[in-house]
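I opened this notebook to record what I looked up in one structure. The entries follow the order in which I consulted it.

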Amino acid sequence: SQQLRAELEQNNTRLQQNRQNVQQLTQSLSLNQMTMNQLRDRARQLRQQLDNTSRSASPKVYKELQRELNKTEERMNELRQKTKSLSSFWQHPRRL
């Protein structure tokens, strides 16, 4: 029982460290290297940071977060457009 608790605690610590490592690696990717899921997660994180940042108390930080969110959303829109174009192509292929 005591040993099992210790193992669980150790595993939880490892999981938390792994999550932090994944988050750091994801943040080091450029927007062009991220998958749509990674972009969605990044946008969600940025929105949370914006919600927790005072525009008047930290205008530079707020502006930077807003800029990053805009860039992330632009990349998401770009990927959506590419997906639509590709989908349309396969639905209506041109004959050569």
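**Entry 1. Basis.** I note that this is a predicted model, in which local features need pLDDT of at least 70 and side-chain atom pairs count only at pLDDT 80 or more, while totals for chains, interfaces and linings use all residues. Residues are numbered from 1 along each chain as its sequence is written, and side-chain values use heavy atoms, with hydrogens and water left out.

**Entry 2. Helix α3.** I took helices as DSSP runs (H or I, at least four residues), numbered from the N terminus. The 33 residues of α3 should span 48 Å, and the end C-alpha atoms are 47 Å apart, so the two values agree.

**Entry 3. Buried side of α3.** The buried residues of α3 are Tyr-62, Leu-65, Glu-68, Leu-69, Thr-72, Arg-75, Met-76 and Leu-79. I asked which element these residues pack against. They pack against α2, residues 36-51.

**Entry 4. Thr-72.** I located Thr-72 in helix α3, which runs over residues 59-91. Thr-72 counts as buried because its relative accessibility is 0%. For contacts I required heavy atoms within 4.5 Å. With residues up to four places away in sequence not counted, Thr-72 touches Leu-31, Leu-39, Arg-42, Ala-43 and Leu-46.

**Entry 5. Nonpolar core.** I took a nonpolar core as a set of buried Ala, Val, Leu, Ile, Met, Phe, Trp, Tyr and Cys residues joined through side-chain atoms within 4.5 Å. The largest such core has 12 residues, including Leu-31, Met-34, Leu-50, Tyr-62 and Leu-79. Two elements, α2 and α3, each give two or more residues to this core. As background, nonpolar side chains tend to be buried together in soluble globular proteins.

For Tyr-62, I found contacts with Leu-50, Thr-53, Ser-54 and Arg-55, leaving aside neighbours within four places in sequence. Thr-53 sits in the loop between α2 and α3. At 17% relative accessibility, Thr-53 counts as buried. With the neighbours within four places left aside, Thr-53 is in contact with Ser-58, Val-61, Tyr-62 and Leu-65.

**Entry 6. Salt bridges.** My criterion was a side-chain nitrogen of Lys or Arg within 4 Å of a carboxyl oxygen of Asp or Glu. How many salt bridges does the structure hold? It holds seven.

Arg-47 and Glu-73 meet through their side chains at 2.8 Å, N to O. Arg-47 lies in helix α2 and Glu-73 in helix α3, so this pair ties together parts that are 26 residues apart in sequence. Arg-47 is partly exposed at 38% relative accessibility, and Glu-73 is partly exposed at 27%.

Glu-78 forms a salt bridge with Arg-75, with the closest N and O atoms 2.7 Å apart. Both residues lie in helix α3, three residues apart, about one turn of the helix. Glu-78 is partly exposed at 37%, whereas Arg-75 is buried at 11%.

Glu-68 and Arg-67 meet at 3.7 Å, N to O. Glu-68 is buried at 18%, and Arg-67 is partly exposed at 40%. I also recorded a network of salt bridges that links Glu-64, Arg-67, Glu-68 and Lys-71.

**Entry 7. Surface patch.** I took patches as residues with over 30% relative accessible area and no salt bridge, with like charges joined within 9 Å and nonpolar side chains (Val, Leu, Ile, Met, Phe, Trp, Tyr) within 5 Å. Accessible areas come from the Shrake-Rupley method with a 1.4 Å probe, and for residues only the protein chains shown count as cover. Leu-86, Phe-89 and Trp-90 form a nonpolar patch on the surface, with about 370 Å² of accessible area together. Trp-90, in helix α3, is exposed with a relative accessible area of 61%.

Note on methods. Buried < 20%, exposed > 50% of the residue type's maximum accessible area, 1.4 Å probe, protein only. Expected span 1.5 Å × (residues − 1).
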